[in-house]
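Have the model open as you read.

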Amino acid sequence: MHIKSFKYRLRPTKAQEQQLAKHFGSSRFIWNYFLARRKNHYSLNREAIKASNVKALNYYDNAKELAELKTQDEFVWLSEANSQSLQQTLKDLESAYKRFFKKQARYPKFKKKYDKQTFRIPQHILIENSRIYFPKFKQGIKVRMHRNLEGKIRNLTISKNQRGQYFVSIACQVKLKPWTENKNTVGLDLGIKDFAVLSDGKIYDNQKILNKYEEKLKYKQRQLSKKVKSSKNREKARIEVAKIHNKIGNIRQNFLHQTSTDILKNHGTICIESLNVKGMMANHHLAKSIGDASWSRFVNHLGYKSDWYGRKLIQIENFFPSTKICRHCEHINQELKLKHRIWICPNCKRELDRDFNASLNILKQGLNKLNGGRNYRQKPVELLPVGGAVEAGSSIVFSG
Ligand SMILES: [Zn+2]
């Protein structure tokens with residue numbers, strides 16, 4: 001059984017918009033309030049927590065405190081929102097911490113009023129005659145079902161983007177049929193210049209189209225900064241900026257989905273380097289940080305989709321110097337800098353394309369890991385044209 005999400009546009013009435021605003025607000029309040037509680041509790045008890053004398057706050061502590069909070073006059077408005085949604089926010093906060101401790105995500109952030117707004121509904125959901133029903137919304141909200149829903153509904157996420165559009169994302173439990181077996185193997189190098197370079201010579205990149213919108217975004221942001229605060233024109237300019245942000249986000253998301261699906265369709269075994277979250281956080285360069293965010297989402301897509309479709313994803317440790325090793329003679333070139341797109345191996349004197357060479361090393365290392373104790377040797381490879389294609393896995397021969 002797998003979880004698949006379906007996203008649809010919502011058309012709430014004015015009254016429902018107000019009711020939704022209360023839910024977004026309460027959910028954001030709960031998130032921020034308990035994130036602050038956890039942070040304060042930790043900084044006050046740091047030493048005791050490290051010595052295991054005091055426990056860090058968890059979901060159960062937060063849920064107990066929330067119940068008490070709701071009995072106080074000051075917080076009585078919290079009862080206007082679906083209580084299960086508020087508990088769900090606490091669960092989401094708990095998962096955010098868990099992902100952080102597993103080094104899969106950054107430390108949870110406070111939510112702002114002008115960001116995308118969300119809240120979740122874990123149960124009591126009904127969809128009928130193009131309306132979606134859940135607690136506190138007895139009349140049902142109009143929903144545009146532009147494609148069919150599959151499987152059994154597990155939960156809902158309601159969201160409002162910065163343009164003021166409403167959406168519902170419905171997580172469903174579905175039975176997916178694995179794709180037919182595929183014996184192709186491939187190594188993937190994720191980069192800044194090209195998004196992904198494959199060891200079969202294929203390159204995936206969407207930067208050109210993104211550049212166009214990023215230029216536009218810069219222009220609109222400059223326009224916005226010139227407008228008088230809290231004026232009508234400023235609000236208009238803010239929506240213009242939000243629209244482009246939205247567009248960029250959608251392009252990026254479609255690209256990550258299409259690329260991950262395409263790679264998994266064409267290969268049975270995919271080798272990549274695991275991403276180093278710590279290294280990512282240390283990097284403040286903008287292009288790099290955008291790259292990082294896309295990479296971790298991409299690796300995440302590859303992970304669950306390979307599970308859905310019966311593919312194998314192999315992650316190799318990131319201390320493996322995939323870029324610096326010559327794939328022909330295995331000489332490690334410590335002198336290699338980021339600016340060197342093409343380099344000549346100081347040992348065997350062969351010319352190497354940086355990313356393509358790395359992808360072949362990742363493939364080799366991945367298959368080595370997959371085959372554990374088995375020996376492999378590298379067949380002598382003819383010099384390839386830069387960026388040229390080789391058949392996937394053709395340079396690897398198993399001898400065990
Ligand atoms: Zn060499």
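How many bridges join strand β4 to strand β5, and in which sense do the strands run? Three bridges join β4 (residues 131–134) to β5 (residues 137–144), and the two run antiparallel. The model is predicted: local features need pLDDT of at least 70, side-chain atom pairs count only at pLDDT 80 or more, and totals for chains, interfaces and linings use all residues. Residue numbers start from 1 along each chain as its sequence is written.

**Seven-strand sheet**
- The sheet is open, with antiparallel pairing and the order β2-β6-β7-β1-β5-β4-β3.
- Edge strands β2 (117–121) and β3 (126–128) each have a single partner strand, so one side of each lacks a neighbour in the sheet.
- On average, neighbouring strands of this sheet are turned by 35 degrees against each other, direction ignored.
- Strands are DSSP runs (E, at least two residues), as are helices (H or I, at least four), numbered from the N terminus.
- Two strands pair if DSSP finds at least two bridges between them.
- Arg131 has Lys142 in β5 as its bridge partner.
- Helix α1 (residues 14–50) packs on the sheet, touching β2, β5, β6 (152–160) and β7 (166–174).
- The direction of α1 makes about 90 degrees with that of β2.
- Axes are lines fitted to C-alpha atoms, for helices over the stretch in contact; angles run from 0 to 180 degrees between N-to-C directions.

**Loop residue Gln123**
- Gln123 is in the loop between β2 and β3.
- Gln123 counts as exposed because it has 12 C-beta neighbours inside 10 Å (exposed: 12 or fewer other C-beta atoms within 10 Å, with C-beta placed from the backbone).
- Gln123 and Asn155 are 32 residues apart in sequence, yet their C-alpha atoms are 6.2 Å apart.

**Five-strand sheet**
- This open sheet has mixed pairing and the order β10-β9-β8-β11-β12.
- β10 (203–204) and β12 (312–316) stand at its edges, each with a single partner strand.
- β8 (residues 185–190) and β9 (residues 196–198) pair antiparallel over three bridges.
- Asp189 has Val197 in β9 as its bridge partner.
- Helix α8 (residues 354–370) lies across β8, β9, β11 (269–273) and β12, at about 130 degrees to β8.

**Helix pair α1 and α3**
- The axes of α1 and α3 (residues 83–101) come within 9 Å and cross at roughly 40 degrees.
- Residues in contact (C-beta atoms, placed from the backbone, within 7 Å) include Trp31 and Phe34 in α1, and Leu86 and Leu90 in α3.

How values were computed
Two residues are in contact if their C-beta atoms, placed from the backbone, lie within 7 Å. A residue is buried if 20 or more other C-beta atoms lie within 10 Å of its own, exposed if 12 or fewer, and partly exposed in between; C-beta atoms are placed from the backbone.
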